[in-house]
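Good morning, and thank you for coming. Please look at the structure on the screen while I go through its main features.

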Amino acid sequence: MTISQKELKKSKDLVEKLLKVNGNKYNDWLHQQHQQFIEENQDLILQALSAFTGQEEEKEKSNPKVNEQASVRPTSIPVTQN
């Protein structure tokens, strides 16, 4: 279902007015709606993160990193006597 900008604005204006009558601010309400949606979809978010981190772990296992710090070995400098 596609909502036109006109319909969206009309709904938003109505919600803003209703919230104002009740002493609430639209942005506060909208933020609360976003938080609620995130909470309701928390399982999906965690599954996606687990899948992502699982892929990262698989990449690390298949491409073991050589020691990231370059080993520093002392080099001997020949001493010449004059």
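Ile38, Ile45, Leu46 and Leu49 together make a nonpolar surface patch of about 340 Å². A patch is built from residues with over 30% relative accessible area and no salt bridge; nonpolar side chains (Val, Leu, Ile, Met, Phe, Trp, Tyr) are joined within 5 Å, and like charges within 9 Å. The areas come from the Shrake-Rupley method with a 1.4 Å probe, and for residues only the protein chains shown count as cover. Helix α3 (residues 42-62) gives the largest share of this patch, 3 residues. Leucine 49 has its place in helix α3. With a relative accessibility of 48%, leucine 49 counts as partly exposed; the term buried means under 20% relative accessible area, exposed means over 50%, and partly exposed is in between (1.4 Å probe, protein chains only).

I should state the basis of these values. This is a predicted model, in which local features need pLDDT of at least 70 and side-chain atom pairs count only at pLDDT 80 or more, while totals for chains, interfaces and linings use all residues. Residues are numbered from 1 along each chain as its sequence is written, and side-chain values use heavy atoms, with hydrogens and water left out.

Let us turn to the overall arrangement. The protein has 3 helices and 0 strands, and its elements run α-α-α from the N terminus on. Helices (H or I, at least four residues) and strands (E, at least two) are DSSP runs, numbered from the N terminus. Of the 82 residues in the protein, 2% are buried. The protein exposes about 8,600 Å², and 54% of that is supplied by carbon and sulfur atoms.

How far apart are the end C-alpha atoms of helix α1? They are 24 Å apart, which agrees with the 24 Å that the 17 residues of helix α1 (residues 5-21) should span at 1.5 Å a residue. The expected span is 1.5 Å times one less than the number of residues. Helix α1 is hardly covered, for the count of buried residues among its 17 residues is 1. Just after α1, glycine 23 takes a positive phi of about 80°.

Aspartate 13 and lysine 9 meet through their side chains in a salt bridge, at 3.0 Å from N to O; the rule asks for a side-chain nitrogen of Lys or Arg within 4 Å of a carboxyl oxygen of Asp or Glu. By this rule the count comes to 1 salt bridge. Both residues lie in helix α1, 4 residues apart, about one turn of the helix. An α-helix has 3.6 residues a turn, so residues three or four places apart point the same way. Aspartate 13 is partly exposed at 27% relative accessible area, whereas lysine 9 is exposed at 53%.

Finally, I come to the aromatic rings. A search of the whole structure finds 1 aromatic pair. The rings of tyrosine 26 and tryptophan 29 have centres 5.8 Å apart and planes at 40°, so the pair is tilted. Rings of Phe, Tyr and Trp (its six-membered ring) pair if their centres lie within 6.5 Å; planes under 30 degrees apart count as stacked, over 60 as edge-to-face and the rest as tilted. Tyrosine 26 and tryptophan 29 are 3 residues apart in helix α2 (residues 26-40), about one helical turn. Is tyrosine 26 buried or exposed? Tyrosine 26 is buried, with a relative accessible area of 17%, and tryptophan 29 is partly exposed at 28%.
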